[in-house]
Amino acid sequence: MPESDLITIGAFARSCGITASALRFYDDSGLLAPAGVDDTTGYRYYAPEQVARAVTIRRLREIDMPLDGIAGVLAADAHDAARLIDNHVTQLVERTQQARRTAEVVKAALGEPSGWLVATVRGPVLAAAVEQILAATGTDPELPVLAGVRLEATAESLTLTATDRYRLSTRTVVPEQTGSAEWSATVDGADLSAALPEIRRAHLVDLEAGEHRLRFRPADGAVRTCRTLTEPFPDHRALMASLPAARTHAVVSKHELMRTLEQQRARYLRLAVAPGSLTVSGTADQPAAELSALVTGPPGDLVFGFTILHPAVATAIGPDVRLDIAGPQDPMVVRSADNGDLTTLAMPADPAVVDAENGSPN
């Protein structure tokens with residue numbers, strides 16, 4: 001390559017988000033040699049096509065991969081490189097989990113207060129409820145609280161709620177024992193997900209609240225701590241209370257509806273409800289699927305994004321789901337036909353946008 005096409009180490013560093021000192025270190029380590037070195041000054045120069053390799057090194061360092069691991073990834077083909085990266089991430093997760101367990105032991109040894117009892121719940125029941133509700137959490141960086149699950153304990157129940165603004169799910173479980181006072185907090189969803197294996201294996205789990213955390217203490221097994229979020233959670237109770245009355249109710253087999261949804265390839269799906277049937281359609285070139293349904297109320301149709309509708313149905317409890325429809329622009333309520341413990345609200349999409357996207361399914 002002509003020397004005129006090479007760029008200085010400073011310009012190269014800025015183009016790939018790596019400091020010049022780090023580039024020198026990677027050169028000394030054999031990971032990224034410069035394309036040329038000035039014999040007189042010792043200045044390093046790089047070729048533009050080296051940016052991709054430098055960025056890959058930077059990203060692997062961001063996930064704490066050691067230098068020998070990075071060298072192995074760079075020398076491997078795409079398949080083996082992916083395997084090496086997956087193995088490294090698995091080890092990271094295992095170390096993080098071990099660090100959490102060790103931290104709990106240390107905090108207990110230091111005499112950290114145990115907190116106050118919120119509720120005692122059967123582990124498998126709580127784990128199932130958490131998994132159902134986690135499907136409705138969001139990832140909006142401007143609203144980090146949407147990545148959390150709202151827990152509310154009363155003398156009679158423990159309620160879990162999550163929303164990503166397009167879907168809202170709420171599940172109520174009956175505790176084996178309740179605390180002496182009502183309690184509520186928004187618990188970090190990632191922490192809850194990490195705690196699920198321990199919760200699921202425990203017959204009974206005590207939920208103990210403390211400042212900025214919720215601890216899950218099984219009778220046997222590791223204690224897990226989840227952070228609580230300080231941002232205000234959306235007023236889901238006001239939303240539920242403001243829902244218009246449903247005009248149409250449709251009861252359909254969950255298995256049949258799930259199978260039909262998964263056979264559709266469109267990004268948006270139209271649900272058309274008529275006496276005795278529920279029809280699902282997607283793109284104009286894919287046949288509509290008609291399911292048998294018990295329908296009361298006037299006919300109607302709504303349009304949903306697949307990523308909104310599928311989880312709402314998938315997490316429903318029982319063999320049959322009930323769809324409560326108020327209007328084409330109102331949230332549809334998805335619940336079990338015979339169990340009201342889990343309720344999910346799914347927001348319809350704009351039909352005009354969908355027609356343009358899918359090719360006007362009718």
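## Overall fold

Residues 24 or more positions apart make up 63% of the contacts in the protein with a separation of 6 or more, a contact being heavy atoms within 4.5 Å. This is a predicted model, in which local features need pLDDT of at least 70 and side-chain atom pairs count only at pLDDT 80 or more, while totals for chains, interfaces and linings use all residues. Residues are numbered from 1 along each chain as its sequence is written, and side-chain values use heavy atoms, with hydrogens and water left out.

You will find eleven helices and 21 strands in the protein; these are DSSP runs numbered from the N terminus, with helices being H or I of at least four residues and strands E of at least two. The radius of gyration, taken over C-alpha atoms, is 27 Å, whereas a compact globule of 362 residues would have one near 21 Å, by the rule of 2.2 Å times the number of residues to the power 0.38. Along the principal axes, the C-alpha trace spans about 85 × 65 × 35 Å.

## Surface and charge

Of the 362 residues, 43% count as buried, meaning under 20% relative accessible area, with exposed over 50% and partly exposed in between (1.4 Å probe, protein chains only). The protein exposes about 18,400 Å², and carbon and sulfur atoms supply 53% of that area.

As for charge, the protein has 33 positive and 46 negative charges, and their mean positions are 3 Å apart. Lys and Arg count as positive and Asp and Glu as negative, leaving out His and the chain ends; the charges are placed at NZ of Lys, CZ of Arg, CG of Asp or CD of Glu.

## Two aromatic pairs

Now for the rings: the structure holds two aromatic pairs. Rings of Phe, Tyr and Trp (its six-membered ring) pair if their centres lie within 6.5 Å, and planes under 30 degrees apart count as stacked, over 60 as edge-to-face and the rest as tilted.

Phe12 and Tyr46 are stacked, at 4.4 Å centre to centre with 10 degrees between the planes. Phe12 belongs to helix α1 (residues 9-16) and Tyr46 to strand β3 (residues 44-46), so their pairing ties together parts 34 residues apart in sequence. Both Phe12 and Tyr46 are buried. Phe25 and Tyr26 form a tilted pair, with 6.0 Å between centres and 50 degrees between planes. Phe25 is partly exposed at 42% relative accessibility, whereas Tyr26 is buried at 8%.

## A look at Leu207

Leu207 sits in strand β10 (residues 204-210) and is buried, with 0% relative accessibility. Beyond residues up to four places away in sequence, Leu207 touches several others, including Trp116, Val118, Leu151 and Phe216.

Definitions and conventions:
Areas by Shrake-Rupley, 256 points an atom, 1.4 Å probe, with all protein chains shown as cover.
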